[in-house]
Each structure stands twice: as structure tokens, then as C-alpha cells.
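Here's a quick tour of some side-chain contacts and surface features. Have the viewer open and follow along.

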Amino acid sequence: MSTPSAVAAPNASAPTAARTSYYALLILSLINLVNYLDRYIVTVALPYIQKDFQLNNTQSGMLGSFFIIVFMLASPLGGFLGDRIQRRWLVAAGVVLWSLATGASGLATTFAMLMVARACVGIGEAGYGAVAPSIISDLFPREQRTRVLSFFYIAIPVGAAAGYGLGGWLSEAYSWHVAFFVGGAPGLVLGAMAFFMPEPERGAMDGPEAQAKLPFLVGLKGLARNTPFWWTTTGYTLMTFAIGGLAFWLPSFLVNERGLAADKAGFLSGAVTALAGLLGTMAGGWLGDKMDRRMQGGGLRMSGVGLVLAAPLMFLAVKVHALGPMFAIIFLAQFLIFLNSGPINAAIVNGVPPAFRAFAMGLNVLFIHMLGDAISPTAIGKLADLTTLGFAIELNAIPVLLGGLALLMAGKLFKHVTA
């Protein structure tokens, strides 16, 4: 009689465990949405900030780069702590910090004050960004990770679209200060909710062979020899350079070189990004799981093909002057790019030991931003001052193409790691 009851207990608790896992996924995804909302408000408010503080394009680019520099430098520390302490604490504290800093951005009366506030946003986001994927990987089995991580990363285009739309409307109707005040409010509520999320055991979904603990130097040496991780990071970095620069400057391009009002530029950019990102991320999650079942690294190979196809579309989009065709091309390019959101991050968490995932994610964040969107807003701004903003944006097609080739190599070399 003891055997049936022992078997029944796990079955009875399974629905509760599933509900708990999906609750945590929902909270983390909503936080990710607010994360990108806060990031992209500044891009569409930028023309107003430039006017108030009398900034040129190079200085404006520094506003985006400084935030990313602080974020990327703090991310490995966030990952290191995330492998050793309760990850939900890092998530909750990080969200509250960046939300307060977003509100404080609206209080800035000088460019220096705004830079400091954005730096604090970067510190808060670093405490969250490195550990959230590792929490999700411990809540869901390997065969579901690409799909659930794709759901998590749907928040990127939706949050970016919300930031574009909300920032453009509030900046136009009221002021860029009000846009920051409103943007900072939702994160305070979500930060409080994050304290009550479940904290799964590290490696809980990777079988009994998964190590609960791993000495830091041992893990670091293993990561240094993990060739697929570095090819994945290289491809992700090149993509981040291009996409980060484009996202930062697209609203200004539409205002300055296509003559749109800021609110219209923000709405159109946001709508296209949201739709393409939503459909691309969902399709990438489904296709990535299907490709991974066929072969190891299948999702990475699909992501690489997506970037290779997106590169010429990015170049062509800036050449087209009619708004309808231009946004149609931008939509196709973004759809192909967003295919990789789930597969790339699933490959990172599946390709390193469970006990080292948060640090690996933090290190990945460091490199994709240090050599990616930490420098691209300033680089594009500098090139725009020397030539035109349109020409500077056109060159983004080159790193997208190279990033696709790197992901194809990562897919060829990829192997799963459980311990």
C-alpha cells in the first residue's frame, strides 16, 4: 500500500508545480517587458533631450553607450552572485533599483545627471538579466526550454514597442520628463512580486548527473574551452552591435531624414517592432525546438540562416524612401532577426553546466554589450556627424551578415552539457 501512495504524491503535486513554474515565467517575462520599455523610452525621447541639453549626435550616442557599459560590467558580478545566492533576491532588488532610476531620469536637469541615472538603470538590469534565464532553465525540462525562453524574449519587441509608443506620445503631449516618470512605475510593483517567486534548485531539470555546485575556477576553465559558447557569443555580439545601434537611432532617422513627428515615428517603429518581434520570436521558439530535436545545434543553425537573410534587407530598408515599402522591409528583417531570441539563449543554458549558467549568461552579456551596443550608438552617431545618419545605418548590414555566419559555425560545433 505504501507504493501507490508514494507514486500518487508526485502526480498530485505535478499540476501545482506546473502552475508555480508558469507563474514565475509570467513574472519574469513581464519584468523583461518593463526592462525594454525603460530602455527604449530614451531612444524616442532623444530628439527632445538633444534640444533641451543642446547635444550633438556623438554626445547623444554616449547616453546609450554609457548605460550599456555600466550594464555589461555589472552583469558578470550579477551572474557570479546568481550561482551562489537566492536568484529571486537579485531579480527583485534589480527591478526596484532600475525602476527608481528610470523615474529619477525624469528629474535630471543636466546631461551629467541624466547619465548618472541611466548608469543606475544599468546596474539594476544587470542583477536581473544574468539570472532570469538560469531560473527558467531550472523550471522547465530541456525539450521545452527554447519555447519557454522564446515566450520570455517576446517581451523584448513588445517592451521596445511600448517604450517607443509611450515615450513618443508622452514626450510629444507632455515632456520627456513625464515619459520617464511613467516608465518607472510598473517595475516597482513587479519587483515586489518577484520576492515571492519560487526559487528552483539549480539543475533541477537536468537529471541526477547535474552538479549542484561547481568550483568557480573549474567552471571558468571549462567555459574557456567551450568553443560553441564562444562562437555563439561572437554571433550574438555582432547581431547586438547592429540591432542596438539601429534601435537607438531609428526614431531619430525617421524624424530627421524622413520628416516624421516624434510621436508618429515612435508609434510606427514600435508597431512594426512589436509585430515582427512577436511573430518572429514565437516562430523561432517552435522551429528551434523542432530543429534541436533533429540535430544538436539545430536551433543555432536556423538562427544563423535568419541573420544571413536579414542582412541585405537591413541595407535595402534605408534606401527606400516611401514609408509603406520601407516599413515592410524593416518588418521582414526584424522577423528574421527575432527568430534567434529563444534558440540562442537556450543554446547558452544547455551548453554549460547548470551550476555555472548564471555566470555564463553574465559573461555572455558582458561580451555582447562590450563589443556590441555599448559602442554602436556612439559609433553610428560619430559616422552620422561625418556623413549622414542613413549611411551610418546602412553599414549595420555587415555585422548582421557576419553574425549569421558565426551562429552557423556554433550550430555545427554545439553539444549539450548537463554536468
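Let's start with Lys319 and Glu394, whose side chains meet in a salt bridge at 3.4 Å, N to O (the cut-off is a side-chain nitrogen of Lys or Arg within 4 Å of a carboxyl oxygen of Asp or Glu). Lys319 is partly exposed at 44% relative accessible area, while Glu394 is buried at 11% (buried is under 20%, exposed over 50%, partly exposed in between, with a 1.4 Å probe and protein chains only).

A word on the ground rules: this is a predicted model, where local features need pLDDT of at least 70, side-chain atom pairs count only at pLDDT 80 or more, and totals for chains, interfaces and linings use all residues. Residues are numbered from 1 along each chain as its sequence is written, and side-chain values use heavy atoms, with hydrogens and water left out.

## Other salt bridges

The structure holds 5 salt bridges. Glu125 and Arg39 pair up at 2.7 Å, N to O; Glu125 sits in helix 4 and Arg39 in helix 1, so parts 86 residues apart in sequence get tied together. Glu125 is buried at 0% relative accessible area, and Arg39 also counts as buried, at 10%.

Arg87 and Glu199 form another salt bridge, with their closest N and O atoms 2.9 Å apart. Arg87 lies in helix 3 (residues 87-105) and Glu199 in the loop between helix 7 (176-194) and helix 8 (216-224), so the pair ties together parts 112 residues apart in sequence. Arg87 is buried at 1%.

## Rings and a charge

Arg39 has ring contacts too. Its charged end sits over the ring of Tyr36, 4.5 Å from the centre, and over the ring of Phe71, 4.8 Å from the centre (this needs NZ of Lys or CZ of Arg within 6 Å of the ring centre and within 35 degrees of the ring normal).

A search of the whole structure turns up 11 aromatic pairs (rings of Phe, Tyr and Trp, using the six-membered ring of Trp, with centres within 6.5 Å; planes under 30 degrees apart are stacked, over 60 edge-to-face, the rest tilted). Tyr22 and Phe140 have ring centres 5.1 Å apart and planes at 65 degrees, so the pair is edge-to-face. Tyr22 is partly exposed at 46%, but Phe140 is buried at 3%. Tyr128 and Phe152 make a tilted pair, 6.4 Å centre to centre with 50 degrees between the planes. Trp98, Tyr128, Phe152 and Tyr153 form one aromatic cluster.

## A nonpolar patch

Which residues make the nonpolar surface patch of about 740 Å²? They are Val305, Leu309, Phe391, Leu395, Ile398, Leu401, Leu402, Leu405 and Leu408. Patch residues have over 30% relative accessible area and no salt bridge, with nonpolar side chains (Val, Leu, Ile, Met, Phe, Trp, Tyr) joined within 5 Å and like charges within 9 Å; areas come from the Shrake-Rupley method with a 1.4 Å probe. Helix 17 gives the largest share, 5 residues. Phe391 is found in helix 16 (residues 389-394) and is partly exposed at 37%.

Conventions. Helices (H or I, at least four residues) and strands (E, at least two) are DSSP runs, numbered from the N terminus.
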